[in-house]
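Here is a friendly walk through one structure, with a few local features picked out along the way. Have the coordinates open beside you and follow along.

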Amino acid sequence: MGTRTRNGSHPNKRKRKHEKQPSFTEFPKRPRTCNKPVGGNDVGQQRMNEKRETRIDKNEINVSAKRSRTGYYACEIDFLDLLPDDLVLLILCKLSASADSLSDIVNARLVCKRFNELGQHSWVLAKASIKSLSLKPKVWSDSAHCFFKMCAEAGNLEACYILGMIYFYCLNNRRSGAAYMAKAAMGSHASALYSLAIIQFNGSGGSKADKDLRAGVTLCARAAYLGHVDALRELGHCLQDGYGIRPQVNEGRRLLCKANELEIAYFLTHHRHVEFVQKVLNGNCQVTRQFVFSPEPHPANQFLVEWFASRERNGEAREKEGVRSCSHVNCGRVETRRHEFRRCSVCGKATYCSRGCQAIDWKKVHRHECVPTGAGAPLVGGAVQMGGLAGVAV
Ligand SMILES: [Zn+2]
Ligand SMILES: [Zn+2]
């Protein structure tokens with residue numbers, strides 16, 4: 001027992017530790033959680049610092065020695081520890097809001113234990129960018145699910161909307177999905193308002209009797225007021241056809257033209273505007289009829305598209321159950337019951353969750369492949385017939 005030191009370690013072992021860390025003898029130590037300056041005449045403080053030296057693990061020794069050799073620091077003080085929590089939170093909020101992917105946030109949390117704890121603060125989660133919430137279905141897991149729930153509970157509207165769509169369409173949890181989308185809609189999230197409008201128009205999650213056209217038009221109008229292009233187009237068609245609202249043909253046409261203008265403005269300000277202008281100048285393109293604008297799909301729609309595509313690759317085809325998906329490639333919504341979606345009245349093959357999806361798919365794809373069905377091929381009962389949009393101002 002006499003050969004042991006006061007802290008219980010063997011003297012030879014302690015000596016070996018000191019031999020491995022020559023750099024620590026050159027610099028004064030400071031307490032990790034105290035702002036007092038290190039050194040001075042306080043003998044007790046110096047003894048505490050000596051004890052801390054023996055507790056520093058091997059990795060920290062190497063890092064500190066490397067820094068001292070390269071001359072980055074005159075001593076091994078960790079300046080991050082000196083920053084107040086509020087300032088670190090502010091930095092993490094900025095990083096979260098500008099993250100290009102979820103890995104940016106995860107990597108920041110892996111820096112140290114303090115970053116990991118502060119990275120789970122509601123301020124940081126509420127600011128998570130839409131790019132950081134753009135997950136692929138193949139990386140969907142319990143931890144990703146937990147992250148989305150934490151973001152949604154922190155008040156992140158994008159997380160509320162994406163999680164609501166995943167619950168409603170992918171996980172068949174209609175009640176929770178609608179609740180999350182409603183939470184986003186109450187925060188004036190335009191896409192959530194539009195998605196709830198589609199649910200009301202189709203009576204999704206319920207029976208055909210659960211359709212509420214007036215509620216759908218009201219939600220659509222609110223989303224259109226916030227500048228949602230698909231909602232504008234849907235509302236324009238509702239006004240033209242008198243669907244859920246008193247018909248106002250001129251106002252409907254005005255909204256359809258407004259939707260086209262917004263789409264063009266989006267296209268010109270985001271990408272490929274040089275190619276577009278060249279086509280117009282060369283006379284190869286008429287702005288509103290021949291040139292097809294395809295805005296980026298929302299991450300929620302992208303998730304649905306890839307989710308159901310992967311399920312079909314795995315042999316879980318929905319057509320066997322009689323449930324079909326929206327034919328617009330960037331939509332991803334699927335029927336929650338048989339014959340829920342409207343179908344092209346010309347061919348009867350393409351199905352659409354909304355008039356907006358039909359209008360844009362007609363411009364992009366379907367007008368090139370729509371073939372009239374034979375006279376003896378009636379549409380299946382229950383489905384809503386809809387024109388091929390030949391006369392619609394699109
Ligand atoms: Zn659709
Ligand atoms: Zn068709």
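Let us begin with two tyrosines: Tyr167 and Tyr180 are both buried, where buried means under 20% relative accessible area and exposed over 50%, with partly exposed in between (1.4 Å probe, protein chains only). Their ring centres lie 5.6 Å apart with the planes at 80 degrees, so the pair is edge-to-face. Rings of Phe, Tyr and Trp (its six-membered ring) pair if their centres lie within 6.5 Å; planes under 30 degrees apart count as stacked, over 60 as edge-to-face and the rest as tilted. This pair joins distant parts of the chain, since Tyr167 sits in helix 10 (residues 157–170) and Tyr180 in helix 11 (residues 174–186), 13 residues apart. Helices here are DSSP runs (H or I, at least four residues), numbered from the N terminus.

Phe168 and Tyr169 are buried too, and they form an aromatic pair of their own. The two pairs look like this:

| Pair | Centre to centre | Angle between planes | Class |
|---|---|---|---|
| Tyr167 and Tyr180 | 5.6 Å | 80 degrees | edge-to-face |
| Phe168 and Tyr169 | 4.9 Å | 65 degrees | edge-to-face |

The count comes to seven aromatic pairs. Elsewhere, ring pairs link Trp140, Phe147, Phe148, Phe303 and Trp307 into a cluster.

A word on the basis: this is a predicted model, in which local features need pLDDT of at least 70 and side-chain atom pairs count only at pLDDT 80 or more, while totals for chains, interfaces and linings use all residues. Residues are numbered from 1 along each chain as its sequence is written, chains are lettered from A and ligands numbered from 1 in the order in which they are written, and side-chain values use heavy atoms, leaving out hydrogens and water.

Now to helix 13 (residues 213–225), whose buried residues are Gly216, Val217, Cys220, Ala223 and Ala224. They cover an arc of only 125 degrees around the axis (taken from the directions from the helix axis to the C-beta atoms), which puts them on the same side of helix 13. These buried residues pack against helix 12 (190–202) and helix 14 (229–241), contact meaning heavy atoms within 4.5 Å. The face turned away from the buried side carries the exposed Arg214, Thr218 and Tyr225. Just after helix 13, Gly227 has a positive phi of about 95 degrees.

Finally, what coordinates the zinc ion (ligand 1)? The donors are the SG atoms of Cys326, Cys331, Cys353 and Cys357, at 2.3 Å; donors are N, O and S atoms within 2.8 Å of the metal (3.2 Å for Na, K and Ca), and water is not among the atoms, so sites may look incomplete. In sequence these residues follow the spacing C-x4-C-x21-C-x3-C. At 7% relative accessibility Cys326 counts as buried, and so does Cys331 at 1%.

Key. Helix = DSSP H or I, 4+ residues; strand = E, 2+ residues; numbered from the N terminus.
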